[in-house]
Amino acid sequence: MHGLWQPRVLGAWRVPATGPAILAVNHSHNIDGPLLLGTSPRPVHFLIKKEAFVGPLGPFLRSIGQIGVDRHAADRAATTDALGVLAQGGVLGIFPEGTRGEGDFASLRGGLSYFALRSGAPVVPVAVLGSAERRSRVVGALPPLRGRVDVVFGEPFDAGDGPGRRTRAALDAATVRIQQRLTEHLAEARVLTGRRSPHPNGKRAQ
């Protein structure tokens with residue numbers, strides 16, 4: 001990642017040095033996951049769509065601790081593996097939007113709140129900015145080579161309300177709470193890095 005681009009990592013010290021943690025990352029480009037793997041201060045076990053585990057890439061991803069998940073059905077094996085990472089004091093990486101999009105945390109799935117409440121692990125918001133704002137003239141699907149991409153880690157927070165309830169109402173409330181914190185962090189990260197929000201007409205601004 002450092003050889004292809006110039007990632008600027010801010011706030012990495014906010015990631016707890018030990019114990020379980022969940023990195024909640026916005027997702028607007030395929031390189032977002034690899035960027036986190038290359039810049040996180042601790043090893044990250046990402047929940048990745050099972051379609052990525054095809055051919056020689058599958059054994060490689062498994063060898064570095066990544067977890068394949070079926071996005072279209074309840075995947076108990078992936079859930080068990082993810083909870084196992086947290087139970088062993090590891091770091092779980094999640095794209096709470098579920099798939100690539102605008103990367104603005106506008107729509108979250110319930111998986112993040114489930115893992116946060118079930119494990120009690122703190123959630124660390126992470127904003128990846130610049131990965132999808134411009135296209136490279138060399139490889140059209142990628143950001144410009146040696147271009148700057150910002151990875152901004154936010155303050156860890158507890159997704160629960162204290163009692164440790166895991167009811168549907170508690171999960172829904174946690175999702176709302178998480179979305180608010182992630183959205184606030186994204187706005188703060190844009191100010192901190194000098195990047196503006198996407199342009200209203202759909203064109204992204206630098």
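I take buried as under 20% relative accessible area, exposed as over 50% and partly exposed as in between, with a 1.4 Å probe and protein chains only.

I am working from a predicted model, where local features need pLDDT of at least 70, side-chain atom pairs count only at pLDDT 80 or more, and totals for chains, interfaces and linings use all residues. I number residues from 1 along each chain as its sequence is written, and side-chain values use heavy atoms, with hydrogens and water left out.

**Fold.** I found five helices and seven strands, taken as DSSP runs (helices H or I, at least four residues; strands E, at least two) numbered from the N terminus. Along the sequence I read β-β-α-β-α-β-α-β-α-β-β-α.

**Burial.** Of the 206 residues, 44% count as buried.

**Cores.** I looked up nonpolar cores, sets of buried Ala, Val, Leu, Ile, Met, Phe, Trp, Tyr and Cys residues joined through side-chain atoms within 4.5 Å. The largest has 22 residues, and Leu 23, Val 25, Leu 36, Phe 46, Val 126 and Phe 153 have the most contacts inside it. Two or more residues each come from strand S2 (21-25), helix H1 (32-39), strand S3 (44-49), strand S6 (123-129) and strand S7 (148-153). Apart from this core I noted another of 21 residues, among them Ala 24, Ala 78, Ala 121 and Phe 157.

**Ile 64.** I placed Ile 64 in the loop between helix H2 (57-63) and strand S4 (67-69). Why does Ile 64 count as partly exposed? Because its relative accessibility is 36%.
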